[in-house]
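Here are some friendly notes to read alongside the model.

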Amino acid sequence: MVELDRKNFDEEVLNAKGYTFVDFWSEGCEPCKALMPKVHDLAEKYGDKIKFCALDIAKGRRVAISQKVLGLPTMLMYKDGEKVDEIGADDASIENIEDMIKKYYEQA
């Protein structure tokens, strides 16, 4: 997992080629912290074709706002720097997250 902040977000996500998965989270978000180990497992499983990143919004609040992240946890999938899919707080189960990843993994 690439740790993101406001300084490297553009380079690591918006200027990246291929698929990039970003986990937006914060220390105060208990559902985020509960999902995190499972998301890290998915990164190991699918990381050969998809780049996995995480952004603690405390280190990039404006970045989160610019990406229209309105609640936590939020998972976004980008292709060549463009947002192509999103799982918001209401749908943030590990099953839904893996389903989204699989959809793009097969295309990568």
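1. Which strands does α4 lie across, and at about what angle does it run to β5? Helix α4 lies across β2, β3, β4 and β5, and it runs at about 150 degrees to β5. Helices here are DSSP runs of H or I with at least four residues, strands are runs of E with at least two, and both are numbered from the N terminus. Angles run from 0 to 180 degrees between N-to-C directions, with axes fitted as lines to C-alpha atoms, for helices over the stretch in contact.

2. A word on the source: this is a predicted model, in which local features need pLDDT of at least 70 and side-chain atom pairs count only at pLDDT 80 or more, while totals for chains, interfaces and linings use all residues. Residues are numbered from 1 along each chain as its sequence is written, and side-chain values use heavy atoms, leaving out hydrogens and water.

3. Now for the sheet. It is open and mixed, with 5 strands in the order β1-β3-β2-β4-β5; two strands pair if DSSP finds at least two bridges between them. Because β1 (2-4) and β5 (82-87) stand at the edges with a single partner strand each, one side of each has no neighbour in the sheet. On average, neighbouring strands are turned by 25 degrees against each other, direction ignored. Between β4 and β5, which run antiparallel, there are 5 bridges, and M75 has I87 in β5 as its bridge partner. Helix α2 packs on the sheet too, touching β2, β3 and β4, and its direction makes about 165 degrees with that of β2.

4. Next, look inside. A nonpolar core is a set of buried Ala, Val, Leu, Ile, Met, Phe, Trp, Tyr and Cys residues joined through side-chain atoms within 4.5 Å; buried means under 20% relative accessible area, exposed over 50%, and partly exposed in between, with a 1.4 Å probe and protein chains only. The largest core has 19 residues, and F21, I50, M75, M77, I97 and I101 touch the most other members. Two or more residues come from each of β2 (19-25), α2 (30-46), β3, β4 (74-79) and α4 (94-105), with α4 giving the most, 6 residues. A second, separate core of 13 residues includes V13, F24, L55 and Y78.

5. The structure holds 5 salt bridges, each a side-chain nitrogen of Lys or Arg within 4 Å of a carboxyl oxygen of Asp or Glu. One of them joins E12 and K51, with the closest N and O atoms 2.6 Å apart; E12 is in helix α1 (residues 9-14) and K51 in strand β3, 39 residues apart. E12 is buried at 19% relative accessible area, whereas K51 is partly exposed at 27%. Another joins E98 to K45, at 3.0 Å between the closest N and O atoms. As E98 lies in helix α4 and K45 in helix α2, this pair ties together parts 53 residues apart in sequence.

6. Which charged residue is buried yet has no salt bridge? That is D56, whose nearest side chain of opposite charge, K59, is 5.0 Å away; Lys and Arg count as positive, Asp and Glu as negative, and His and the chain ends are not counted. D56 is found in strand β3 (residues 50-56). Leaving aside neighbours within four places in sequence, D56 is in contact (heavy atoms within 4.5 Å) with L4, W25, S26 and E27.
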